[in-house]
Amino acid sequence: MFDTAPTHAPLVQMCDIHKNFGGVVAVDDVSVDLYPGEVVGVLGHNGAGKSCLMRMLSGAMSLSSGEILVNGEKADLKTPQDAKTFGIETIYQTLALADHLDAAANLFLGRELKTRFGNLDETRMHAEAKAALVQLNPNFKNLKDPVSRLSGGQRQVIAIARAIYFQAKVLIMDEPTAALGPSETAMVADLTLRLKKDGIGIFLISHDMHDVFDLCDRVMVMNKGRNVGTFKIEDVNKDDILSLIIKGTLPDDWTPRGETS
Amino acid sequence: MSDTELKAKLRFLPTGSALHKLSALITLLLLILAFSIMSSAFFSVNNGLTVLLQTSVIGLLAIGMTMVIITGGIDLSVGSVLALSGVVTGLLMKAGLPVMPAMALGVVTGGVCGFLNGLVITKMRITPFVATLGMMMIARGVALQLTGAAPISRLGETFGWLGNGALFRVVEMQANGFPKVIFPGIPYPAILLLIMALFGAYLLQRRQIGRHIFSVGSNEEAARLSGVNVDRTKIWAYTASGALAGLSGMVLMSRLVTVQPNEGVMYELDAIAASVIGGASLMGGVGSVSGSMIGAFIIGVLRNGLNMAGTSAFIQQVIIGVVVIGAVYLDQIRNRK
């Protein structure tokens with residue numbers, strides 16, 4: 001469409017992705033790609049299919065048809081483990097934390113560190129978790145409390161730490177700042193830019209236009225399961241995006257904003 | 001004892017269930033104290049060993065039940081699986097198999113029943129309550145059909161060894177030629193219970209499978225998204241519960257030196273009660289083997305003490321029912337504050 005892609009090879013290509021639940025079409029032949037060091041905003045109404053699309057990339061949901069390429073190779077992402085082996089990490093909107101376990105147990109859930117004898121290496125997991133969490137939030141305490149007792153912000157930090165600890169190449173952030181206060185939101189923005197500099201590709205689902213314009217290089221708008229446009233962020237303004245989100249089309253008089261200004 | 005001190009002591013517990021466990025332990029000690037005052041025969045070595053022996057069957061069941069309850073499930077089939085395992089062992093021995101392999105196959109039978117429970121729950125997506133209710137009827141029916149509802153007896157002295165033997169039994173020959181038991185010894189079932197409880201606690205607290213069991217019960221979707229194989233974890237828990245039911249079947253039938261196809265009716269409820277009294281939450285994510293052992297001994301001591309005090313079996317049921325509700329109520333109060 002209108003986007004001009006960066007020159008190097010894409011990290012992720014999602015081609016003609018289709019998902020239906022019985023007769024209900026959730027994602028309708030959507031294609032999108034992601035390059036290293038790029039933040040792509042995925043926008044749309046609730047129920048527009050953006051979370052659904054991202055869940056397929058994170059292996060939490062199967063595709064009805066279409067294919068996903070990671071580094072040019074076809075990736076069959078049947079389970080979340082499959083996605084993780086491809087370096088695709090996800091910060092879920094629900095955070096996906098086991099409430100009765102502590103921060104370290106959650107951070108390493110499914111990928112526990114073990115001693116030589118195959119026992120859980122609690123000491124090392126706690127030390128590593130502490131280092132990872134303090135890096136994101138210097139005030140992080142209560143490492144040994146079950147996460148149900150932690151604040152929304154702390155829980156979010158655990159979910160973020162879990163995604164970046166394992167050296168993600170592709171990061172999916174599903175409304176990462178929804179539960180956060182202003183300072184923590186700024187922290188997530190800083191982090192996003194830092195990860196971007198490290199060459200990580202990021203899909204950012206967000207309803208917050210400030211975040212989108214501050215962080216994204218490109219935006220992709222979904223409406224009723226279809227991709228109604230992928231644009232460089234310079235080529236659109238807030239009204240254009242709102243028009244795409246609500247109507248599914250650009251304003252009638254639209255020309256790429258980047259050229260006019 | 002301060003709260004933080006307590007927490008530090010039990011810090012590898014995934015939840016703050018320390019308070020519940022402590023109150024259960026205090027309840028147990030109070031019960032022992034009360035019964036000792038009421039009856040002088042209660043607080044004796046012999047009676048203590050009897051309680052150990054009586055509790056070992058429920059205790060073994062409660063270890064597996066706890067694992068299943070932590071995943072957020074329930075296993076109603078253990079009483080029937082216990083009987084079926086015993087029947088299989090009895091029939092194999094009648095067919096000429098020696099005791100050890102026959103008992104091993106009995107435990108395997110229990111494990112297979114548990115494995116089937118796990119398959120039905122994860123692959124057919126049937127709730128644990130219904131799936132294990134079905135297995136409860138199936139296993140009981142098979143056990144009764146195989147034996148024609150008749151007990152299998154004359155299995156030989158070696159069959160009774162596991163249930164009736166004891167370690168460090170000291171017997172002295174008296175001058176008149178009769179043996180005198182100086183120390184009756186620690187019954188093998190109690191030793192078996194201790195080993196299995198330690199092993200179960202080790203698996204739950206120190207191994208990956210235990211961590212996964214807690215995560216599945218705490219938030220199944222989160223566990224799945226984190227890369228935990230939820231189905232495999234559940235199947236593992238039900239298989240363990242089935243195998244432990246098989247093992248407790250061996251202990252019970254061996255103690256009777258007879259295989260009874262109608263043994264173990266309602267045992268699942270005692271095992272569930274033991275787990276719940278010990279702090280396990282039927283909502284999943286909470287529980288411990290040590291708590292369940294305290295729970296099993298509360299039930300065992302209550303039964304034994306009430307028997308010695310001459311309380312009728314019916315009133316005993318009433319009292320145990322009240323204890324179960326009281327334990328869960330305490331848990332609710334703890335969670336509310």
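Tutor: In this predicted model, the loop between β1 (166-167) and β2 (170-173) of chain B holds Phe168(B). Phe168(B) is not a glycine, yet its phi is positive, at about 60°. The residue is also exposed: its relative accessible area is 57%, and the cut-off for that class is over 50%.

Asn71(A) sits in the loop that links β4 and β5 of chain A. These two strands run antiparallel, and three bridges join β4 (residues 65-70) to β5(A). Val70(A) faces Glu73(A) of β5(A) across the pairing.

Both strands belong to an open sheet of four strands in chain A, ordered β2-β1-β4-β5, with antiparallel pairing. At its edges are β2 (24-34) and β5 (73-75), each of which pairs on one side only. On average, neighbouring strands of the sheet are turned by 30° against each other, direction ignored. Helix α1 (residues 50-57) of chain A packs on this sheet and touches β1 (12-21), β2 and β4 of that chain. The direction of helix α1 makes about 115° with that of β1(A).

As for the nonpolar cores, the largest has 85 residues, and Leu60(B), Ile63(B) and Ile298(B) have the most contacts inside it. Helix α3 (residues 45-70) of chain B supplies the largest share of this core, twelve residues. Leaving aside residues up to four places away in sequence, Ile63(B) touches Leu193(B), Met196(B), Ala197(B), Gly200(B), Leu244(B), Val289(B) and Met293(B). Another core, of 51 residues, lies apart from the largest one; Val157(A), Ala161(A), Ala163(A) and Phe231(A) are among its members.

Chain B also carries a record annotation. An unreviewed UniProt entry marks "transmembrane region" at residues 21-43, 49-69, 99-122, 129-152, 186-204, 277-301 and 313-330 of chain B. Two of these spans can be described from the model. Residues 21-43 of chain B are 78% helix and 0% strand, and their end C-alpha atoms lie 23 Å apart. Residues 277-301 of chain B are 56% helix and 0% strand, with end C-alpha atoms 13 Å apart.

Notes
Residues are numbered from 1 along each chain as its sequence is written. Chains are lettered from A and ligands numbered from 1 in the order in which they are written. This is a predicted model: local features need pLDDT of at least 70, side-chain atom pairs count only at pLDDT 80 or more; totals for chains, interfaces and linings use all residues. Side-chain values use heavy atoms; hydrogens and water are left out. Two strands pair if DSSP finds at least two bridges between them. Axes are lines fitted to C-alpha atoms, for helices over the stretch in contact, and angles run from 0 to 180 degrees between N-to-C directions. Contact means heavy atoms within 4.5 Å. UniProt positions are given in the numbering used here, feature names are shortened, and annotations may be inferred rather than shown by experiment. Buried means under 20% relative accessible area, exposed over 50%, partly exposed in between (1.4 Å probe, protein chains only). A nonpolar core is a set of buried Ala, Val, Leu, Ile, Met, Phe, Trp, Tyr and Cys residues joined through side-chain atoms within 4.5 Å.
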